Structures are given as C-alpha cells and as structure tokens.
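Here are some notes to read alongside the structure.

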Amino acid sequence: MSDETEQPPKRARKQQLTRAGQPIDRRQRLRIPPHHVTKQTPHDRIHNWDEVYFGYTAGPAMFEAQRCIQCPAAPCTQACPIDNDIPGALAFLELGKLADAAAIFRQTSEMPELCGRLCPQEALCEGVCVIGKNAKPVAIGKLEAFLGDWDRKQRGGFPVPAPEHESGQQVAVVGAGPAGLAVAEQMRAAGHSVTVFEAWPSAGGVLRYGIPNFKTAKDIVDEKAEALCQAGVEFRFDTRVGVDVDWTALSQYDAVFLGHGASVGKRLGLDGERLARVYSATEFLVRANLSDDQLPSALWSAPDVGRNVVVVGGGDTSMDCVRSAVRLGAEQVTLLYRRTENEMMGREEERRHAREEGVIFEYLTTPVGLIKRDGAVVGVECVRMSLGEPDESGRRRPTPLPGSEFVIDCDAFVVAVGYDVGREVYGDSGIDVNDWGEVLVDEHGRTSRPGVFAGGDNVIGADLVVTALAGAHAAIPAMLEYLADLQSERALAMAAG
Ligand SMILES: Cc1cc2nc3c(=O)[nH]c(=O)nc-3n(C[C@H](O)[C@H](O)[C@H](O)COP(=O)(O)OP(=O)(O)OC[C@H]3O[C@@H](n4cnc5c(N)ncnc54)[C@H](O)[C@@H]3O)c2cc1C
Ligand code: SF4
C-alpha cells in the first residue's frame, strides 16, 4: 500500500536480531523505562477541542521503540486486525529510519495515523505485548500515529496511489467511511475509475461525523480525502444510495463495494425523545464538533446544553458525548449506564479522561422517562438496576430495582445507546442481509449479488475503524480478481466476434 520505491523487508526485525553480528539483548531491553507521551492537563483541555495527546517526537519515539524485544511470534501483529508488522516497523524506528518504519505501517494500512490514535490498543496489539506482562506495554498505537504524522509531514500529505495504467473499468463505492475510503484507494491504485457515493457533504464517515476533534483532528481526514481526489477518485456527496441513486444506476458499474456503515442511532423508546434539547449522539457530536462551514445544514449550530447535561450509553460514543458536553460549557455532565464499569464496551482510557474532566458516572442506572416544560426536556426520571445472569451478549442482564426511582435535572439529554445498519441502500438489489440489516458476505467480502462486495460496520455491526479496514482488506483482492476475470471475459468475447 506504500508507494515507496525501496520496499522494506517483510520482517525487518530478523535483520535486526543479528545487527552487527550481535543478537538483541532482551534482558537489557526489559530495563528500558517507558517514554510516555505528554498530554494536555484536564484543566487545560476542557477549554479547547484540541487533541488530548501531544504525540511523540522522534527522539522519545526511538527510545520507546527500543523497548520492543522483537518476539519472533509477534503476538502484537497477530492481535492486529490488519496484520501490521509492528516489530518490523519498530526495528527501523529505533535506528532512526523513520521513512522505512512508516512505510511498513503503510504496507498494511491506509490510515495508520488514525488507527494509532483510535484503536483500543489495550484489547488488541498492546494487550498481548509481552513487555506488558511486567511493565507498561510498548506504546504501539502512539508510535504508529507518530510515524504516520511524520511521514505525511515529510511528503506534504498522504501518499497518493498512482495507477500505472487505466483499466477502463468502473467501480462504485457506497459510503466514504474508513472501509469505503480504503477500497476507493486500492481500486484507484489498480487503475480503475472510482466513484464514491456519500450521504454526508464530506468524506470520512464516522471519522468526521462522529469522532470528536479531541480524539482525532479533522485535518487528517481532510488530507486523506484530498489525496484520493488528487489520485482521481470522484466523490458524489449529499447523495444517498437507495434514495438519490438506485440499483439500475449502480448496475452500470463493473463492481460495487458497500461500505455504508452502521449509522442509524438506536432510540430508547421513551416518550419525549423528540422534545427540544433531546439529541441523538450523532446530531449532538456533529453539531458540537464541526465548525459552521463544515456543518451539513445551516439550521444546525452548536447544541444548546444549558447547565446540566445527561447522556445515556456505555460505549465510546457516550464518552465522546459527555466530553463534548464538558467542552461546550455544561457545569454538570452525568453519564447513565445500566450495568457497571466492568461491562462497559468502550476504552478504559476514555473513561479515565472523562472522569478527569469532571464527568459524573451513574452506573446501574437507566432512564425511564423524560420530564418536559415548554416543549423542552428539563429532567430525566431514572431507576436503579441490579445485575442478574448473563444474557445473550454474555454480559449480566440488568433488571430494575422496584422503588428506586429518582429524577436528575437536565437541560439537555443525549441518547448514545448504539447504532443499527440502515437498510435504504439495498432497495431492489436482492442482496441477502440478516435480521439486523447487516450484509451477509463470505470471507472475501462477496455478497449474494455477483460483483457486489461489502465490508465494515454494515457487515459486522458497529465496531472499530481498524475492523472496518480489515473488512475492506478482505474484499479488495476478491474485487480485483472479479474485475480481472470480467476484463478477460470481455476480451475473449470481443475476440470471438
Ligand atoms: C461517536 C463514535 C465514536 C467512535 N470512536 C471510535 C474510536 O475511538 N475508535 C474506533 O476504532 N472506532 C470508533 N468508532 C467506531 C468507528 O468509527 C466505526 O466502526 C467506523 O467508522 C466504521 O467504518 P465504516 O467505513 O464501516 O462506516 P462509517 O464510518 O459509518 O461510514 C459509512 C459511510 O456511509 C455513508 N452512508 C450510509 N448510508 C448511505 C447511503 N444510503 N448512501 C450513501 N452513503 C451512505 C455514511 O454517511 C458514512 O459516511 C466510533 C463510532 C462513533 C459513532
Ligand atoms: S492498527 Fe490498531 S491494533 Fe493494529 S498495530 Fe495499529 S494500533 Fe495496534
């Protein structure tokens, strides 16, 4: 995936192990202390929307890379959904060969600077880091983000996929989130014409219309979209497949990739969810995080939060909402979650950041009603819960405790209880989906309709940026093979007259 002329060896660390004829001294490496990344203090960061972490600079990053003991089995690579060759990259990084190190991450990832910031590393690569058994694991994510940023700075932007020839074949991509962008990049690099249909006015999917600036600055997403435009990818924004574009139009393309994500916010089913100052997570985050010129509608402006904000939910989205509410100036921000912290889905680091920023966590609590005045929400009726036996999700089932009802005053209420896959894309395509609207695919991302592939949240349900990339990566080789076969069939048919 890199356009480097000199490709680094697949497993650069093998060379490292015998560098200058000396094997790596693993014991000595275990004694190297971690080089932490500096970050904004809670007091500072609640007054701005900048990224919390300042990120590594080259010197500390090289020291941190030396903590990697170059395990031959590389459990970190095995735990990475896109198989990043982490020891290989860190072997170059510790030598100060930053371009080579960055190129290794770019071989397997279209956006290492984003995964490095956003992956739940504690559950993936860093969670299995051998160093982490007795000390802090190697800071893989932050090193990956540093290398991606450094590399883009050197090149003046993302490396642009440059096709060596034009195939004359056309590919449609539905959705400009991580999965759709990855497929668009690889299809264009292979010489195909690529058109991306996107419902929002700009590219990025949740990276733009969800994840707040304090986790990832939007200019990285802008740069990615700009690089793809430069490479010749055509974007059709404000265009909904299934509404503005139908399957007769999509059938004109040689292959189609569905990357429409899981973007329909679940509702609680409470009376009053349409009251003023009751927000879905997506509307709240979009209005809070995007500048006026980036907002999808002139009617949308920063949400009116008042003094007290209550958010319900237990994943990364709810953390993004509470921390956005703090930055919008709310005096008291409360999170309601019906289970305990042990059952929460999102990152522990995000919860720690939220607590540091003053967010109040009400565990074992669920909203059962909204109190209104003059058409707007002014309070949330809550009930305490207790946990019973595990349910189908494997987590203990919460049940209400009779007589435990209470009210929390609130000026704004945000529903962040998860996302479903939208079905409008499917129209009369005949594509097989399951009961939740998720596209059924084989291990190569092939749907039930020939020439149509899918990957990302619309296949596996709301998940992660890196798993969306993994879904795209599963489909890309099958798409390329399908297009090549189609080309051959047409050539044969023409030759036969
Ligand atoms: C608030 C929030 C915070 C998150 N935080 C993290 C995090 O910290 N780390 C992490 O790894 N993951 C996080 N995630 C999850 C992650 O962002 C998603 O898993 C990932 O973006 C999925 O990528 P995707 O390409 O499958 O879908 P998406 O990013 O959802 O992109 C799908 C695109 O398809 C478009 N689309 C939908 N329907 C149509 C249609 N009919 N026609 C045309 N276009 C359409 C959508 O507008 C969207 O742009 C978060 C998610 C949310 C909502
Ligand atoms: S993509 Fe995610 S899991 Fe893979 S190495 Fe990077 S931070 Fe770790």
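1. The model is predicted.

2. Helix H13, residues 281–289, and helix H14, residues 316–327, have axes that come within 10 Å and cross at roughly 40°. An angle between 35 and 65 degrees counts as oblique, and H13 and H14 are therefore oblique to each other. The crossing of H13 past H14 is left-handed. On the H13 side the contact is made by Ala 281, Phe 284, Leu 285, Ala 288 and Asn 289. On the H14 side it is made by Thr 317, Asp 320, Cys 321 and Ser 324. Sorted by class, the contact of H13 with H14 has 5 nonpolar, 3 polar and 1 charged residues.

3. Which residues touch the most other members of the largest nonpolar core? They are Phe 257 and Val 414, in a core of 125 residues. Helix H17, residues 465–495, gives the most to this core, with 10 residues. As a general point, nonpolar side chains in soluble globular proteins tend to be buried together.

4. Val 414 also leads back to point 2. Apart from its neighbours within four places in sequence, Val 414 is in contact with Tyr 279, Ala 281, Phe 284, Val 309, Val 311 and Cys 321. Among these, Ala 281 and Phe 284 belong to the H13 side of the contact with H14, and Cys 321 belongs to the H14 side.

5. Helix H4 (residues 58–65) and helix H6 (residues 86–94) form another pair, with axes that come within 8 Å and cross at roughly 125°. That angle makes H4 oblique to H6. H4 passes H6 in a left-handed crossing. Ala 61, Met 62 and Ala 65 of H4 make the contact with Leu 90, Leu 93 and Glu 94 of H6. These residues divide into 5 nonpolar, no polar and 1 charged.

6. How many residues of H6 are buried? The count is 9 of its 9 residues, and H6 is mostly covered. The buried residues include Leu 90, Leu 93 and Glu 94, which are the residues that H6 brings to the contact with H4. Ile 86, Pro 87, Gly 88, Ala 89, Ala 91 and Phe 92 are also among the buried residues of H6. Just after H6, Gly 96 takes a positive phi of about 85°.

7. Helix H7 (residues 98–108) and H9 have axes that come within 9 Å and cross at roughly 110°. Angles of 65 to 115 degrees count as roughly perpendicular, and H7 and H9 are therefore roughly perpendicular to each other. H7 passes H9 in a left-handed crossing. From H7, the residues that meet H9 are Leu 98, Ala 99, Ala 101, Ala 102 and Phe 105. Their partners in H9 are Glu 144, Leu 147, Gly 148, Trp 150 and Asp 151. By class, this contact has 7 nonpolar, 1 polar and 2 charged residues.

8. Most residues other than glycine have a negative phi. Asp 83 has a positive phi, near 60°. Asp 83 sits in the loop between helix H5 (75–79) and H6. Asp 83 counts as partly exposed because it has 15 C-beta neighbours inside 10 Å.

9. Arg 277 also has a positive phi, near 65°. Where is Arg 277 found? It is in the loop between strand S5 (264–265) and strand S6 (278–280). With 19 C-beta neighbours inside 10 Å, Arg 277 counts as partly exposed; a residue is buried if it has 20 or more.

10. Is Asp 238 buried or exposed? Asp 238 is exposed, because 12 other C-beta atoms lie within 10 Å and 12 or fewer counts as exposed. Asp 238 lies in the loop between strand S3 (234–236) and helix H12 (247–250). The C-alpha atoms of Asp 238 and Trp 200 are separated by 5.1 Å, and these residues are 38 residues apart along the chain.

11. Lys 136 is in the loop between helix H8 (112–118) and helix H9 (140–155). With 14 other C-beta atoms within 10 Å, Lys 136 is partly exposed. Lys 136 and His 36 are 100 residues apart along the chain, and their C-alpha atoms are separated by 9.9 Å.

Definitions and conventions: Residues numbered from 1 in each chain as written. Chains lettered and ligands numbered in written order. Predicted model: local features only at pLDDT ≥ 70, side-chain atom pairs only at ≥ 80, totals over all residues. Axes fitted to C-alpha atoms, helices over the stretch in contact; angles between N-to-C directions. Helix = DSSP H or I, 4+ residues; strand = E, 2+ residues; numbered from the N terminus. Parallel < 35°, antiparallel > 145°, perpendicular 65-115°, else oblique. Left-handed = near helix turned anticlockwise from the far one by under 90°. Contact = placed C-beta atoms within 7 Å. Nonpolar A, V, L, I, M, F, W, Y, C, P; charged D, E, K, R; others polar. Core = buried A, V, L, I, M, F, W, Y, C linked by C-beta atoms within 7 Å.
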